[in-house]
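Me: I would like to learn how to read helix packing, domains and backbone angles in a model. Please take the features one at a time.

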Amino acid sequence: MQIPPKENNDCLVKDILMRNFKEIFEVEKKMHELESNLNDEKSLMSYGKLEEQYEKMGGYKVDEKISKVCHGFKIYDMLDRNYNTLSGGEKTIVNLASLMILNPDILLLDEPTNHLDIDTLEWFENFLRNYKGTILISSHDRYFLDKVATKVVLIAHGKEDIYCGNYTYYLKESERRDLAEFEQYKNQQKQIEAMKETIKKLREWGSRGDNPRFFKRAHCIERRLEKMEVLEKPEKKKNLPLDFVIDERSGKDVLTVEDLSISFGSRELLSHINFHLQYGEKVCLMGKNGTGKSTLLKAILNSEYKENIILGSHAMIGYIPQEIHFENEKETILEVARHSFSGTETQLRASLAKFFFYGENVKKRVESLSGGEKVRLKLFELIQKKANILILDEPTNHIDIDTKEMLEEALKEYQGTLFFVSHDRYFINALAERVLNIEDKSIVSYLGNYDFYKEHRKE
Ligand SMILES: Nc1ncnc2c1ncn2[C@@H]1O[C@H](COP(=O)(O)OP(=O)(O)O)[C@@H](O)[C@H]1O
Ligand SMILES: [Mg+2]
């Protein structure tokens, strides 16, 4: 997002919004200067002209425009704060508000939903759906794209492919197109084979009977073959081998949380919460930032709250934390992967390659990996572990759409118990059979996926 531009942002939020009306305010200033001595014909004339210009520029509508976006984006109480002191999410909101004030014909939005909380997101989706102008968005938020986009342009291998629908439509349609393309390729290959076979036969017959007519026909077909536009073999999408098998299943009661309270100092995060997970359930833990989701998952993993957190028999946990660290950050990918892998070096390298860690890359130290690479390496470890409970803390944060789709598919197939934190509404919809939402330090259970939660939550 380009706004606010590279100007100095050491100013109040309201100044950022006002910047959009700089020209109008200049006219207004001139009007004020003239106001004090409107005593001759000439100054009255100039004032009249300025006033006309002011109206044309929408000067009288400035307050209304500002108040409309402040209301929608709920930023009234931010107006007098310094822009630089805002959180990432708050900055995003102010930037969007500032952009919307001008109501431009074309909006270019680069990842506009990062950092927005769900309530603001939903308001924003509605706003964009009703927007009169054209909007060009780049986003990894599939739920958002489903709500807002009416056309998808996929750019791959330097070419564009156009899909007249939203994200889910694109997904189905691209699969259909891939299949069709592969069919076409296969049919053409068959045809080519058949033609080559015919040429061979005609030649044989021609030389046996010494008949030039056969050679002529063979030549004809050869010419046709040469002129043919041969289709390239469509590339198959490379899939991560995310096959979460389990070694041994756990008992039916996987996790029982009884009267658990967690505080940091005098601040209580969770107060007397209770919930229960059964074997094979897929449950999403939701809650606003800072409500204690990660803290709860960590509590399940360490034994500090033994009295209140009871794990079932044969429970074997595989965990990906929100912030990924490796025990020894100086180790290389190969070394880290070695700890969890039981095969030979060659097998290990082959397995890593399937996770897109190729060749010399496996010698990279894990501390230097990107967020997405760290998640991939953790997934590699997780696969080896064959755990029967997966506890994943915001696993989709750093990964691209393709990897998300693969992870989603793999987790759908997973037979064990899945307990995960996520803000990714598409991901939650695809996986969750139940949503546990942290509300006022308690857990509220919704017996469905994200859309179910959205429909049934109390406002
Ligand atoms: N070890 C700790 N000591 C003190 N405060 C903590 C600690 N860990 C987390 N917190 C605070 O507890 C709150 C909940 O954190 P967290 O569980 O990470 O929230 P989230 O729901 O976003 O995952 C936050 O305000 C965080 O700053
Ligand atoms: Mg967290």
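Me: At roughly what angle do the axes of helix α2 and helix α3 cross?

Reply: Some conventions come before the case. This is a predicted model, where local features need pLDDT of at least 70 and side-chain atom pairs count only at pLDDT 80 or more, while totals for chains, interfaces and linings use all residues. Residues are numbered from 1 along each chain as its sequence is written, chains are lettered from A and ligands numbered from 1 in the order in which they are written, and side-chain values use heavy atoms, with hydrogens and water left out. Helices are DSSP runs of H or I with at least four residues, strands are runs of E with at least two, and both are numbered from the N terminus. An axis is a line fitted to C-alpha atoms, for helices over the stretch in contact, and angles run from 0 to 180 degrees between N-to-C directions. Here α2 (residues 22-35) and α3 (residues 41-56) cross at roughly 155°, and their axes come within 10 Å. That makes α2 roughly antiparallel to α3 (under 35 degrees is roughly parallel, over 145 roughly antiparallel, 65 to 115 roughly perpendicular, the rest oblique).

Me: Which residues of α2 and α3 make the contact?

Reply: Contact means heavy atoms within 4.5 Å. From α2 the contact includes Ile24, Val27, Met31 and Leu34, and from α3 it includes Tyr47, Leu50 and Tyr54. By class, the contact of α2 with α3 has seven nonpolar, three polar and four charged residues (Ala, Val, Leu, Ile, Met, Phe, Trp, Tyr, Cys and Pro are nonpolar, Asp, Glu, Lys and Arg charged, and the others, Gly among them, polar).

Me: How do the axes of α11 and α12 cross?

Reply: Helix α11 (residues 333-340) and helix α12 (residues 345-354) cross at roughly 110°, with axes that come within 11 Å. That makes α11 roughly perpendicular to α12. Ile333, Leu334, Ala337 and Arg338 of α11 meet Glu345, Leu348, Arg349 and Leu352 of α12. This contact of α11 with α12 divides into five nonpolar, no polar and three charged residues.

Me: At what angle does α11 pack with α13?

Reply: The angle between α11 and helix α13 (residues 371-385) is about 20°, and their axes are 9 Å apart. That makes α11 roughly parallel to α13. On the α11 side the contact is made by Ile333, Val336, Ala337 and Ser340, and on the α13 side by Leu377, Phe380, Glu381 and Gln384.

Me: Which domains is the chain divided into?

Reply: Domain bounds come from an automatic or database domain assignment. The chain is divided into domain 1 (1-103) and domain 2 (253-456), with C-alpha centres 46 Å apart.

Me: Is phi of Asn103 positive or negative?

Reply: Most residues other than glycine have a negative phi. For Asn103, phi is positive, near 50°. Asn103 lies in the loop between α5 (88-101) and β1 (106-110), and counts as exposed at 51% relative accessibility (buried is under 20% relative accessible area, exposed over 50%, partly exposed in between, with a 1.4 Å probe and protein chains only). His157 also has a positive phi, near 50°, and is placed in the loop between β3 (152-156) and β4 (159-163). At 70% relative accessibility, His157 counts as exposed.

Me: How far apart in space are Asn289 and His423?

Reply: They are 9.8 Å apart, C-alpha to C-alpha, and 134 residues apart in sequence. Asn289 lies in the loop between β7 (282-286) and α10 (293-301).
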